[in-house]
Amino acid sequence: MGHHIVPPIPLILFFPLIGAVTIALFGPFVDRRASAFVGTASVFLSFVITVWLAIVVWQLPIDQQAAFAHSRFLGYWVDIPPYLVISFRLLVDPLSIVWMLVVTGVGFLIHLYSVGYMAPDKNYRTFFAYMNLFVVAMLLLVMADNFLWLLVGWAGVGLASYLLIGFYYDRRTAVLAARKALIMNVIGDVGILIAIFLMYAHFGSVAYQTVFASLGRVPAGSLDWIGVWLFVGAVAKSAQLPLQTWLPDAMEGPTPVSALIHAATMVTAGVYLVARAHPIYDRAPVAAEIVAVVGGLTALFAATIGTVQYDIKRVLAYSTMSQIGYMMLAVGIGAYAAGAFHFVTHAFFKALLFMAAGIVIHNLSGEQDIRKMGGLAKRMPFAYWTFLAGTLAIAGIFPFAGFFSKDAILDQALQLHHPWLQAAGTIAAFLTAFYMFRLLYLTFFTGSYRGDHEPHHDSSWTMTWPVAILAVLALIGGWLVLPGRDLMSSALAASFVDARFGQFLGEFNWPLSISTLLLAIAGIVLAYALYQVPSGARDWLRTRFSPVRDLLMNAYYFDVIYHYAFEAPTYALADFFSRYFEGEVVGGIPRAFAGLATWFAGVSGGWEAGYLRRYGLSIVVGVALVLVLYLFLTHAPATLGRP
Amino acid sequence: MPHVPLAGYLALASALFVIGAIGFLVRRNPLTMLMSIELMWNAGNLAFAAFARSFEDMSGQIFVFIVITVAAAEAAIALAIVVMVFRHRADVDVDEISIMRG
């Protein structure tokens, strides 16, 4: 480290941890604003230390940036040498720093936004305790230096997600959505656990360093299996096909939760996992191909659904799914820096979109149906302009962030010879521009507001400032990668120095970028023609393609299929067992023993009739029995031993 | 005086104890039952005294004194109960006094 002052790395984790514990323990006894202050300030302090750490690390030469990893040893979790040693170290390398910066930075802005947004809620304090808990778990996930601690963070963010989706616990739909998210995520957790078992069986360790150093010892087939099982976890957490159905339902949670957990950070954990485990995927071509294909398919699949949905947050949820599909595509084909780059820009513009939509929802007292909105641009100019910035960014319009990061992925797909994935991504880019501008027009322009609640304006500075900052970041965030000046790849170089492809994003493929841009503009024009210009085209399309529309409205009937394939049989089986097995077998056996005991009690109880002489006889017989037993035990062995 | 062996004392003590136990079990008059208990106490006392003499150890004799004291206390309490029951019911058949059954 030389002359640099080393930042207190553990504090990055401990500030939000202390925040969550303090709010949980003392929140009920102090002013509610104190809880909000503690919750927000703790994340801010984490962010400050993370920035300090980032500056220190990125000033080092590249070979020392990686050496800076594995440096904070805090203790042993399991210490049974030579069988299993699991230590608790905080890993710091460029990849984890990128994620930490977004988690604490965007996390701080969203906490600040929540101060205003959640103000009317009766469980204000609980909210901040949960949010801090999430930040701790997410930081643990990205700072873990072995797969088991990663899984602890992984399950921790799942728990926080569950608690926050079900935050409005008096709404039945919210509780069901939380349960669904938890079940889907646990499927993923089991996948990672199986991968950990395989790694332990092959390498005798679960630490990144040891596992990655000894990959050459096992055949590629085994690595493929490890990669596939890890990816099962990534699929569940990042809402990729076929475990994607929980994410739209997760929009039942408060909007800041959707912004932080279900858009900016937690759902990208799968991307982080693949990027972190890149030495495995670099040597496991089948697993890597699966990652890329699932990502490409999800990008396209979710984008098509987004074109017909009517709930403002559900449209954004499907777009999140689609954008994470892009990231998965990138890390699957080996373009890790491109995936991380899109993660950063997506965190900016998707958090922005959710928070701008949150202002609209907040001011309409909870209305989320865009069919009832319209003409809001005049009534809420701030929400409109910021939402427009986010929409331009996600649609990939120059010079907004999405243009750079999405084109980086498509360009890499072409360079690394995945024309089909590149085509899927390009079509999805067209659809993205279309459905986002459809959302924008229906919300802010077409017609006029016809909801149940009169719009009001009470956006405090805590709500507007974070949105404004993110709007600026959504504009300039992409400038990290400019032609010939590629900050993103060079920042991440130390983490991907051993990757199977060089990570460099600075070479622009201008024909590709311009054609993608033109496609995005075509999507915008189509949205304009269909939703802004009054014409019969919409009705004609709706009737002409009504089966397609039904298919998309119901998200390809995944929920229905899962209901009949898994849910209904499970309930039927449970019903059968509760009706027959539970009563006759599980209940029957203990009941039989209870009956025996009751019978014996009845028989022996009859003896105790209150007759003094019976008790006397009992004593005499008892003493006699004890005596006989005593004599037998002390003398019989000797007697029996004789021939 | 002819020397009586320890077994003789123990045989007598056993006989006294068995007579007492049988008396307790077969009689229904509480006064007779108390006398039977007294007989069992003293069977024990005789065994204690015989062992003490045989082993030339005084502790057995001290036990006898304690037992006599406890027996006296027991007799006093038991007689008080019998008197109370008699006043209450004008009848002292123990088989009739079964209201304390569990």
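Residues are numbered from 1 along each chain as its sequence is written, while chains are lettered from A and ligands numbered from 1 in the order in which they are written. Because the model is predicted, local features need pLDDT of at least 70 and side-chain atom pairs count only at pLDDT 80 or more, whereas totals for chains, interfaces and linings use all residues.

**Chain A as a whole**

Chain A holds 28 helices and 4 strands; helices (H or I, at least four residues) and strands (E, at least two) are DSSP runs, numbered from the N terminus. Its C-alpha trace spans about 105 × 65 × 50 Å along the principal axes. Of its 643 residues, 49% count as buried. A residue is buried if 20 or more other C-beta atoms lie within 10 Å of its own, exposed if 12 or fewer, and partly exposed in between, with C-beta atoms placed from the backbone.

**The cores**

A nonpolar core is a set of buried Ala, Val, Leu, Ile, Met, Phe, Trp, Tyr and Cys residues joined through C-beta atoms within 7 Å. The largest one has 208 residues, and A:L139, A:A351, A:L352 and A:A474 touch the most other members. Helix α16 (residues 336-363) of chain A gives the most to this core, namely 20 residues. A second, separate core has 5 residues, including B:A13, B:A47, B:F48 and B:A50.

Helix α11 (residues 255-264) of chain A is mostly covered, with 10 of its 10 residues buried. Those buried residues pack against several helices of chain A, among them α4 (94-117), α15 (312-333) and α16; here, contact means C-beta atoms, placed from the backbone, within 7 Å.

**Two helix pairs**

Axes are lines fitted to C-alpha atoms, for helices over the stretch in contact, and angles run from 0 to 180 degrees between N-to-C directions.

| Helix pair | Axes come within | Crossing angle |
|---|---|---|
| α12(A) and α15(A) | 9 Å | roughly 5 degrees |
| α4(A) and α16(A) | 11 Å | roughly 5 degrees |

Angles under 35 degrees count as roughly parallel, over 145 as roughly antiparallel, 65 to 115 as roughly perpendicular and the rest as oblique. Therefore α12(A) and α15(A) are roughly parallel to each other. On the α12(A) side the contact uses A:G270, A:V271, A:V274 and A:A275.

The crossing of α4(A) and α16(A) likewise makes them roughly parallel. Their contact residues divide into 12 nonpolar, 2 polar and no charged. In this count Ala, Val, Leu, Ile, Met, Phe, Trp, Tyr, Cys and Pro are nonpolar, Asp, Glu, Lys and Arg are charged, and the others, Gly among them, are polar.

**A strand hairpin**

Strand β1 (residues 72-80) of chain A is hardly covered, as the count of buried residues among its 9 residues is 0. It runs antiparallel to strand β2 (residues 84-90) of chain A, joined by 7 bridges; strands pair if DSSP finds at least two bridges between them. A hairpin links β1(A) to β2(A) through 3 residues.

**Backbone spots to look at**

The peptide bond from A:L241 to A:P242 is cis, with omega near -5 degrees, and A:P242 is in the loop between α9 (220-237) and α10 of chain A. A:H417 has a positive phi of about 65 degrees although it is not a glycine. A:H417 is exposed, with 9 other C-beta atoms within 10 Å.

Definitions and conventions:
Two residues are in contact if their C-beta atoms, placed from the backbone, lie within 7 Å.
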